[in-house]
Amino acid sequence: MMIIRIRSWLHSRGNSLPREKQLSREAVISLIIHSIFQFGASMSGVFLNLYLWRLTHSVVVNGTYSMVVFILTPIGFALGGLMIKKKDRMVSYRLGIMLIGLFYLSVILAQEKLVEYYMLFAIFNGLAGAFYWVGYLTLMYDVSNEQNRIRYLAFNMIFFTAATLAGPALAGFIIRLKEGLSGYTIVFSIAFCMFLLAALISLKIKASGGHHRVYYLKLTGLIMKKERDWLKALFGFLGMGLLQGTMLFLPNILLFKVMPREDIVGYLGVLYSSLSIVMGIFISKYANASKARLYLAISTLGYLIGVSFLLGSVNVWTVVSFMILHSIFAPLQGNTMTGYYYGLIAKLPLKGQLKVESMVVREFFLNVGRVISITCLISFGSDLDGGWIPWILMTAAMSQIALVWSIKNQ
């Protein structure tokens, strides 16, 4: 019933469009699966970092956990890519969903002992997430085309953000309602159920049929030398990772420190996600691939203004103001880079046969940037009361200027 309603809504939005720009049945189902998955992930992922923080009060532990996840993710992408080539994209995709579900089931069982084995949990999380994302990114490419890709990516972001909006708010309410750490256990249990549901719905998407294809990962180095535009885009993703590495866990910890209530963190997540949804709707209506450089320049300027609020002092208002601007401009940057990169994949040798390898290499560059930024944070900003964190964020925001260089207008 939910699939029929969402598909009807999407079709009503696209009836005036040419047939080639309308979304296929599998494209709609992929949006639904990812929304359910993200609902569970947003409930659990945001508060997993706060859970670690509540248990340790250590930026080093949280940073090390995230860094191990980012180091393992490219390895998982490479293994998942091999799985896609030899089997099918849905094998890696479903395996990723199930492993992430098992990961949060393990968190429920471990409870406070999570701290003792947090390195093992980080390895598990990194590999499980990689299997999911390499499958999903490949699926996104397959269910869209050059004519409807910008529109599909915009809807993907709208549904993704809507799930991100609801998840943290519900999780924050539950955690606030329960005493101690029991609320976290309930949140992780609901997330596990969401992942199970996503896995079941994924059965509605058929295998692509092109099994036992050659895995060209070893040749990507040679291709980089010949395809300079592709190499520049990959360095752009490295620059993107320099900001993402800290943004994936630090803001919620900062907010929780200045206002130690999980429900407030969750409710502010609703505000951030609402702003991202508005930006997603704007992109779906007005975005033009020929203005990619302009979009990246605007998003970089937005980041710089946001971080500048933190230079004076780190308090509730400066952290919230920073996150508001980040929530507005991150979708613009992310959609622009993803749309541009998908366009490059179609122009690489072998006519689209390198899509899986392209996702693996992209993730490697992105996570190198993330690991570098977290290493800097652990080395210089582990003391939240010190003055280094705003300057680390400012440096990361300034690095986003490289994204403008990394692409060319189409």
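Before you start clicking, a word on labels: helices here are DSSP runs of at least four residues, numbered from the N terminus. What you're looking at is a predicted model.

**Whole chain.** Show it as a cartoon. You'll find 16 helices and zero strands. Now switch to a surface: the chain exposes about 17,200 Å², with carbon and sulfur atoms supplying 66% of that. Of its 410 residues, 56% count as buried. Contacts tell a story too: among those with a separation of 6 or more, 85% link residues 24 or more positions apart.

**The second largest pocket.** Next, select Leu242, Ile372, Ser373, Cys376, Phe380, Trp388, Trp391, Ile392, Thr395 and Ala396, which line the second largest pocket. Two elements give two or more residues each to this lining: α14 (355–380) and α15 (388–398). Colour that pair and look again. Which element provides the largest share of the lining? That's α15, with five residues. The pocket's volume is about 170 Å³.

**A loop stop.** Last, jump to glutamine 111, in the loop between α4 (89–110) and α5 (118–143). Check its backbone: phi is near 50°, a positive value in a residue other than glycine. For context, most residues other than glycine have a negative phi. Is glutamine 111 buried, exposed or partly exposed? Its relative accessible area is 35%, so glutamine 111 counts as partly exposed.

Note on methods:
Residues are numbered from 1 along each chain as its sequence is written. This is a predicted model: local features need pLDDT of at least 70, side-chain atom pairs count only at pLDDT 80 or more; totals for chains, interfaces and linings use all residues. Side-chain values use heavy atoms; hydrogens and water are left out. On a 1 Å grid over the protein atoms alone, a cavity is a set of points where a 1.4 Å probe fits but cannot get out, and a pocket is an open set with protein on both sides within 12 Å along at least five of seven lines; lining residues have an atom within 4 Å of a point. Grid points are joined across faces, edges and corners, and a volume is the space filled by probe spheres set on the points. Buried means under 20% relative accessible area, exposed over 50%, partly exposed in between (1.4 Å probe, protein chains only). Contact means heavy atoms within 4.5 Å. Accessible areas come from the Shrake-Rupley method with a 1.4 Å probe; for residues, only the protein chains shown count as cover.
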